[in-house]
Amino acid sequence: MEQTRILVVDDELIIRESLTGWLQRDGYHVQSVSSGEEAIETLKINGFDILLLDIQMDGISGMDVLTHVKEHYPDIDVIMITAFGSIPSAVQAMKSHAFDYLLKPFDPDELGVLILKLINYRATIKENLFLKEEYEQKTRFESMIGQSRPMQEIFSLIEDIKDADSTVLITGETGTGKGLAAKAIHSNSRVASGPFVSVNCGAIPKHIMESELFGHQKGAFTDAKETRKGRLELAGSGTLFLDEIGEISMRMQIDLLQVLEDKIFYKVGGTQPITADFRVIAATNANLEQAIKERKFRKDLYYRLNVITFTMPTLRERKEDIPLLAEHFLRKTTQEINRGVERISRAAMDELMLYEWPGNVRELSNAIERAVVVCKTRTITPFDLPIVKTLENELKNKYFSLNDVEKHHIVKILDDTQWNITKSAAILGIDRSTLYNKIKRYDLQDDHTK
């Protein structure tokens with residue numbers, strides 16, 4: 001274990017020697033100086049974990065040194081040394097983020113206990129920071145967020161295929177994050193330094209798709225006033241992401257299959273071959289196997305794309321990720337639009353967990369953004385969520401336990417009355433003590449006062 005480094009700062013020689021001797025005896029690395037000026041200079045040269053600092057010193061005072069340390073060396077914890085008559089100054093030092101103060105004359109045992117207390121505190125802070133970083137690493141992969149098993153499996157798969165050049169087909173419902181997965185694959189691949197070129201096959205009109213993909217030579221058609229690079233050429237040495245590949249026309253499917261097989265293509269009106277030096281990732285929310293049966297998608301192109309394939313899970317399949325995602329979107333939105341919304345109420349989070357999210361993560365992101373915009377306090381409540389009326393309609397057609405129904409109804413009444421207990425109890429037809437017991441049982445919290 002690394003030795004704790006302590007700097008003693010006191011203008012009395014006997015105090016410096018006593019503290020240094022006791023601390024060295026306990027196994028700490030100790031250095032001492034006699035003034036605030038020396039302390040500031042020593043901190044420039046050597047690193048320390050703990051500072052034992054006298055409040056009353058000539059020249060630069062202990063309070064001035066404390067201010068300097070907290071500004072320039074925030075990781076150093078400070079224990080102030082004070083005489084009985086200077087206790088008010090020590091209290092002021094605590095308000096300025098000193099860890100504690102030590103009263104003269106010293107008791108060696110008291111000093112030892114205080115130092116151990118501080119060391120344990122530092123270890124706890126360090127461990128919590130490590131756990132937080134480890135948690136964030138486990139729940140985040142590039143721009144994707146998820147602690148659920150389905151998302152952890154996606155993260156692991158992307159890591160496994162990062163060195164492969166094979167085409168990838170990503171399936172899944174709209175809003176599940178297929179585009180984010182494609183970017184994560186690119187960012188972890190050998191072509192990460194190259195461009196990531198995205199083509200939304202469903203958004204480009206069919207009559208200009210060929211020019212968009214392949215580019216064209218000047219004069220190739222009426223509006224071709226100059227030679228232009230297509231998306232295939234722009235993706236050179238990088239990744240070509242074909243989003244909504246199921247929307248591409250049969251003619252373009254043939255042309256694209258030719259590119260994937262021959263690794264060359266030509267601009268519209270061009271005669272010079274261009275090497276197809278890019279990795280292909282495709283995504284779709286359509287059932288391509290059904291499309292093949294209906295003769296809307298070519299079987300040979302499907303098998304060419306379907307080398308590595310995976311399905312992005314719906315939000316319904318990863319509900320344990322909802323709190324994590326909601327908090328992420330809350331922080332992101334408040335930063336972007338500079339709103340003072342700080343939290344999501346327990347009742348609102350319950351609504352988020354109960355809803356089925358047909359639009360998946362994209363719908364959740366939009367719901368949180370809307371809630372931040374309309375929220376009138378620092379806390380998002382169910383009233384701020386666009387899903388609540390939809391949820392209430394869904395409740396009419398679903399089966400729930402009596403406890404779930406009772407909890408949901410009590411939350412609604414409390415929110416409707418702004419947590420007026422007397423009024424809520426009257427509406428519910430129960431007395432106040434019964435309502436308090438139910439609030440405690442269901443762990444309900446009043447967020448309107450925050």
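This briefing goes through confidence, strands, nonpolar cores, aromatic rings and single residues of the structure above. The structure is a predicted model, in which local features need pLDDT of at least 70 and side-chain atom pairs count only at pLDDT 80 or more, while totals for chains, interfaces and linings use all residues. Residues are numbered from 1 along each chain as its sequence is written, and side-chain values use heavy atoms, with hydrogens and water left out. The chain averages a pLDDT (the predictor's confidence in each residue, from 0 to 100) of 86, and 90% of the residues score at least 70.

**Confidence along the chain**

- Helices (H or I, at least four residues) and strands (E, at least two) are DSSP runs, numbered from the N terminus.
- Confidence is lowest in helix H16 (residues 388-395), where the mean is 56, and highest in strand E8 (residues 168-171), at 97.

**Strands E4 and E5**

- Strand E4 (residues 77-82) pairs with E5 in the parallel sense over 4 bridges, where pairing requires that DSSP finds at least two bridges between two strands.
- Within this pairing, Met80 stands opposite Tyr101 in E5.
- In a regular strand the side chains alternate between the two faces of the sheet.
- For strand E5 (residues 100-103), the covered face carries Asp100 and Leu102, whereas Tyr101 and Leu103 are on the uncovered one.

**Nonpolar cores**

- A nonpolar core is a set of buried Ala, Val, Leu, Ile, Met, Phe, Trp, Tyr and Cys residues joined through side-chain atoms within 4.5 Å, with buried meaning under 20% relative accessible area, exposed over 50% and partly exposed in between (1.4 Å probe, protein chains only).
- The largest such core has 32 residues, and those with the most contacts inside it are Leu242, Ile245, Phe278 and Phe297.
- Among the elements that each supply at least two residues of this core are strand E9 (196-200), helix H8 (206-214), strand E12 (238-243), helix H10 (250-262) and strand E15 (278-284), and the largest share, 5 residues, comes from H10.
- Apart from this core lies another, of 25 residues, which includes Ile145, Ile322, Leu364 and Cys375.

**Contacts of Phe278 and Leu240**

- Contact means heavy atoms within 4.5 Å, and, when residues up to four places away in sequence are not counted, Phe278 touches Leu232, Ala235, Gly238, Leu240, Val259 and Phe265.
- Leu240 has its place in strand E12 and counts as buried because its relative accessibility is 0%.
- With residues up to four places away in sequence again left out, the contacts of Leu240 include Val197, Val199, Phe278, Val280 and Ile281.
- The C-alpha atoms of Leu240 and Ile281 are separated by 6.2 Å, although these residues are 41 residues apart along the chain.

**Aromatic rings and a charge**

- A search of the whole structure finds 5 aromatic pairs, where rings of Phe, Tyr and Trp (its six-membered ring) pair if their centres lie within 6.5 Å, and planes under 30 degrees apart count as stacked, over 60 as edge-to-face and the rest as tilted.
- The pair of Phe99 and Tyr121 is tilted, because the ring centres are 5.3 Å apart and the planes stand at 45°.
- This pair links distant parts of the chain, since Phe99 is in the loop between helix H4 (87-95) and E5 while Tyr121 is in helix H5 (residues 108-139), 22 residues apart.
- Phe99 counts as buried at 18% relative accessibility, whereas Tyr121 is partly exposed, with a relative accessible area of 40%.
- Elsewhere, the charged end of Arg441 sits over the ring of Tyr442, 5.4 Å from its centre, under a criterion that asks for NZ of Lys or CZ of Arg within 6 Å of the ring centre and within 35 degrees of the ring normal.

**Helix H8**

- The buried residues of H8 are Met209, Ser211, Glu212, Leu213 and Phe214, and just after the helix Gly215 takes a positive phi of about 80°.
- Ser211 has a relative accessibility of 12% and touches His216, Phe221, Gly230 and Val268, not counting residues up to four places away in sequence.

**Val30 in strand E2**

- Val30 lies in strand E2 (residues 29-33) and counts as buried at 11% relative accessibility.
- Leaving aside neighbours within four places in sequence, Val30 is in contact with Ile6, Val8, Thr20, Leu23 and Gln24.
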